[in-house]
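This briefing covers strand pairing, helix packing and charged side-chain pairs in one protein model. The sequence and structure are shown first.

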Amino acid sequence: MFKKSRKKIVAAIMSVLVLLWVGTLGVIYASSYFEMQKQNQQMLRTHAQLYTLSQTMDQLMPPNRPMPGGDPDFKPDFDPEAPKFQLSTFYTVAVSDDGTVLEVKNDPPTVRTNEELMKLAKRIIADQKETGREENLTFLKTDKGGYTLIVFMDNTVVNENAMTLFRYTLIFGAVALVVFFFLSVFLARKIVAPLEESYQKQKQFISDAGHELKTPVSVVSANAELLSREIGDNQWLANIQYENERMGMLVGQLLELARTEDMTPRMEHVDLSRLVAGEVLPFESVAFEKGLALNSEIARGITLEGNSTQLKQLTSILLDNAICHSKEGGVLRMTLMKEQDHAVLSVVNAGDEIPQEQQKLLFERFYRVDAVRNGEDKHYGLGLAIAKAIVTAHRGQINVCCYEGLVEFRITIPVET
C-alpha cells in the first residue's frame with residue numbers, strides 16, 4: 001500500500017516537473033521562433049524595398065516603373081543601418097514576367113551557387129508562394145513592377161546555433177530530471193514514512209490488544225461455564241456468555257487480520273478448482289436455510305502457487321458476505337474461470353446497490369454499509385478487510401461493482417502458466 005503511495009507521489013512530482021520544463025521550453029522556443037521569423041520577414045521586405053536592378057538590366061525594363069527608394073517619405077520595415085541587417089547574408093534573384101532570369105546577386109563568400117538560387121527562385125514562382133523556408137534559406141517573393149524579385153536570407157549559422165542550444169538544453173534538462181527523480185524518491189519516502197509508521201503502530205496495537213484480550217475472554221468463558229453448572233439457567237449469566245462469545249469472535253477476527261497482514265504466507269501448489277468446490281458445498285445448506293439458491297460454475301484444472309488455508313478462508317468470506325446481504329428468495333452465483341494468465345473468482349448476489357463512495361471503503365477495517373453496527377449478526381466489518389489482505393498476499397486484486405440490482409465481488413489472482 002505504502003509502496004504504491006510512494007510511486008504515486010514520485011509520479012506526481014515528476015509529472016509536474018516535466019510539464020513545467022516542457023511548457024517553459026515550449027513557450028521560450030516558440031516565442032523566439034516566431035519573433036525571429038517576424039524579424040526575418042521584416043529584413044527581407046526591407047532588402048526587397050531597397051533593391052534596384054543594375055544599370056545594364058535596368059535599360060531592358062519598361063520606363064516609369066515604380067522605384068520604392070525614390071519616394072521621399074519611404075520608410076523601410078527594418079532599420080538598414082542596424083548591425084543585424086548589415087551582418088545578414090542576402091541573395092536575390094530577379095525574374096522577368098516571361099520567366100527570364102534578369103539578375104542574380106550572390107556576393108562572395110557564399111555557399112550557394114547562382115544555379116542553385118535560380119532553381120529555387122523558379123520553383124518558388126511555380127509554387128506561387130509569397131514567403132516560406134527552403135532548407136536554411138528564408139525567402140520573400142515580391143512584385144517590383146515588370147519583374148519578380150525573390151530575396152533569400154541565409155540562416156545556416158542561426159539554425160545551427162539554435163540546434164546546438166536545443167541539444168544542450170535537452171541534455172542538461174534530462175540530467176536535471178534524473179536528479180529531480182532521485183530527489184522526489186527521497187521526498188516521497190520522507191512524506192510517507194510518518195504515515196507508514198502510524199499504520200504499523202496501529203496494526204501492532206490491534207495484534208497486541210487481540211492477544212491481551214484473548215486470555216480474559218477465555219477466563220470469563222470458563223468461569224461462566226462453571227457457574228452455569230452450579231446455578232443452572234440464569235438470564236444474567238446467559239447474557240454474559242452471549243456477549244463473551246461475541247467478544248471472542250471479534251478478538252479472533254482481529255488476530256486473524258493481524259496475522260494475515262503481517263505474515264508472509266507459505267506458498268504451495270494449490271488446485272484452486274477443487275479448493276473452491278469444496279468450500280461451496282457447506283454453504284449450500286446455509287443458503288437454503290435462508291431461502292436462497294446457491295449456483296456455482298467452476299472450471300476445472302485451475303492451479304496456482306498460494307496458501308490453501310488463506311484461499312479457503314477467502315472463499316468462505318465471500319460466500320458468507322453474499323448470503324448475509326442477499327435479498328430473501330434470491331440467487332447466489334459463484335464462478336471460477338481462467339482468463340489469460342489469471343484466475344477470476346466471482347460471487348454475485350441480489351442486493352441493494354452500494355453507493356460509489358461506499359464501495360471504496362468496503363475493504364477498510366470495521367467498515368459496514370449498514371448504519372447500525374451492533375454486531376448482532378456476528379459480523380464486525382473485518383471479513384472483507386481480511387479478504388483484501390489475502391488477495392494482496394497472492395498478488396491479486398479484489399473489486400466490487402453493482403449493476404441491475406446485483407452486487408458482484410470479483411477477484412483476479414495470477415495462475416501458473
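The points below are grouped by topic.

The model is predicted. Elsewhere, helices α7 and α8 pack at an angle of about 35°, and strand β12 pairs with β10 and is joined to β11. A search of the whole structure finds six salt bridges.

- Strands of a sheet pair through backbone hydrogen bonds, in either a parallel or an antiparallel arrangement.
- Seven bridges connect strand β4 (residues 137-143) with strand β5 (residues 147-154) in the antiparallel sense.
- In that pairing, leucine 140 stands opposite valine 151 of β5.

**The β1 and β2 hairpin**

- β1 and β2 pair in the antiparallel sense over four bridges, with valine 93 opposite valine 104 in β2.
- Four residues lie between the two strands of this hairpin, and glycine 99 in the turn has a positive phi of about 95°.
- Leucine 102 belongs to strand β2.
- The relative accessible area of leucine 102 is 11%, so this residue counts as buried, the cut-off being under 20%.
- Leucine 102 and threonine 148 are 46 residues apart in sequence, while their C-alpha atoms are 9.6 Å apart in space.

**Packing of α7 and α8**

- Helix α7 covers residues 272-289 and helix α8 residues 308-324; their axes are 10 Å apart.
- The crossing of α7 past α8 is right-handed.
- On the α7 side, the contact is made by Leu272, Leu275, Val276, Glu279, Val280, Phe283, Val286 and Ala287.
- On the α8 side, the contact residues are Ser308, Leu311, Lys312, Thr315, Ser316, Leu319, Asp320 and Ile323.
- By class, the residues of this contact comprise 10 nonpolar, three polar and three charged.

- Strand β10 (residues 342-350) pairs with strand β12 (residues 406-414) in the antiparallel sense over nine bridges.
- Asparagine 349 has valine 407 in β12 as its bridge partner.
- Strand β11 (residues 397-403) and β12 run antiparallel and are joined by seven bridges; here glutamine 397 stands opposite threonine 412 in β12.
- β11 and β12 form a hairpin with two residues between the strands, in which glutamate 404 takes a positive phi near 50°.

**Salt bridges**

- Side chains of opposite charge can pair when their charged atoms come close.
- Arginine 123 and glutamate 134 form a salt bridge, with the closest N and O atoms 3.2 Å apart.
- Because arginine 123 lies in helix α4 (residues 114-127) and glutamate 134 in strand β3, this pair ties together parts that are 11 residues apart in sequence.
- Arginine 123 is partly exposed at 38% relative accessibility, whereas glutamate 134 is buried, with a relative accessible area of 14%.
- Glutamate 268 and arginine 266 meet through their side chains in a salt bridge at 3.5 Å, N to O.
- Glutamate 268 counts as partly exposed at 28% relative accessibility, while arginine 266 is exposed at a relative accessible area of 63%.
- Glutamate 339 and arginine 410 also meet in a salt bridge through their side chains, at 3.3 Å, N to O.
- Glutamate 339 lies in strand β9 (residues 331-339) and arginine 410 in strand β12, so this pair ties together parts that are 71 residues apart in sequence.
- Glutamate 339 is partly exposed at 40% relative accessibility, and arginine 410 is partly exposed at 31%.
- A network of salt bridges links Glu339, Glu408 and Arg410.

Conventions
Residues are numbered from 1 along each chain as its sequence is written. This is a predicted model: local features need pLDDT of at least 70, side-chain atom pairs count only at pLDDT 80 or more; totals for chains, interfaces and linings use all residues. Side-chain values use heavy atoms; hydrogens and water are left out. Two strands pair if DSSP finds at least two bridges between them. Axes are lines fitted to C-alpha atoms, for helices over the stretch in contact, and angles run from 0 to 180 degrees between N-to-C directions. A crossing is left-handed if the near helix is turned anticlockwise from the far one by less than a right angle, and right-handed if clockwise. Contact means heavy atoms within 4.5 Å. Ala, Val, Leu, Ile, Met, Phe, Trp, Tyr, Cys and Pro count as nonpolar, Asp, Glu, Lys and Arg as charged, and the others, Gly among them, as polar. A salt bridge is a side-chain nitrogen of Lys or Arg within 4 Å of a carboxyl oxygen of Asp or Glu. Buried means under 20% relative accessible area, exposed over 50%, partly exposed in between (1.4 Å probe, protein chains only).
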